[in-house]
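Keep the structure open while you read.

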Amino acid sequence: MAKRVFKASLSALSIRQLQKNLTAYRDSLTDKCRLLAERLAERGVEIAKIMIVDLDAVFTRELYDSLHSEHEKDTPYGAVFAVVTDSKHCAFVEFGTGQFGED
């Protein structure tokens with residue numbers, strides 16, 4: 001990771017400029033954290049779809065097709081994303097219950 005260095009002299013103008021630079025850097029970190037959370041959720045969708053296929057739980061493709069990532073809320077330091085589905089039988093696949101469940 002690149003090292004970020006902020007320098008300032010002991011003048012009032014220099015300190016104010018340093019404050020602006022630090023605020024801009026802080027805001028860029030928030031944006032980067034939000035982007036990371038979004039990409040991790042998208043990767044979670046990919047992994048969940050692989051797991052569904054590995055469990056042979058693709059009967060009608062309803063569960064597979066309904067998996068997606070969703071923005072839940074913004075936070076002071078990024079955002080919360082979740083992997084969600086609209087399928088009614090996803091809990092049965094998740095916990096291995098039902099007619100074709102694993103031991």
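## Salt bridges

A search of the whole structure turns up 4 salt bridges, where a salt bridge means a side-chain nitrogen of Lys or Arg within 4 Å of a carboxyl oxygen of Asp or Glu. Keep in mind that this is a predicted model: local features need pLDDT of at least 70, side-chain atom pairs count only at pLDDT 80 or more, and totals for chains, interfaces and linings use all residues. Residues are numbered from 1 along each chain as its sequence is written, and side-chain values use heavy atoms, with hydrogens and water left out.

Helices (H or I, at least four residues) and strands (E, at least two) are DSSP runs, numbered from the N terminus.

How open are the two partners? D74 counts as exposed, at 51% relative accessibility, while R34 is partly exposed at 31%. The labels work like this: buried is under 20% relative accessible area, exposed is over 50%, and partly exposed is in between (1.4 Å probe, protein chains only).

## Two more pairs

R43 and E46 also form a salt bridge, at 2.9 Å, N to O. They are 3 residues apart in helix α1, so about one helical turn separates them. R43 is partly exposed with 44% relative accessible area, and E46 is partly exposed too, at 42%.

Then there's D65 with R61, whose side chains meet at 3.2 Å, N to O. R61 is partly exposed, with a relative accessible area of 44%.

## A negative patch

Which residues form a negative surface patch? They are E62, E70, E72 and D86. Patch members have over 30% relative accessible area and no salt bridge, and like charges are joined within 9 Å, with the place of a charge taken as CG of Asp or CD of Glu. Asp and Glu count as negative, and accessible areas come from the Shrake-Rupley method with a 1.4 Å probe. E62 belongs to helix α2 (residues 62-66) and is partly exposed at 37%.

## A buried serine

Is S14 buried or exposed? S14, in helix α1, is buried, with a relative accessible area of 17%. Leaving aside residues up to four places away in sequence, S14 touches A8 and S9, where contact means heavy atoms within 4.5 Å.

Technical notes. Patches are made of residues with over 30% relative accessible area and no salt bridge: like charges are joined within 9 Å, nonpolar side chains (Val, Leu, Ile, Met, Phe, Trp, Tyr) within 5 Å.
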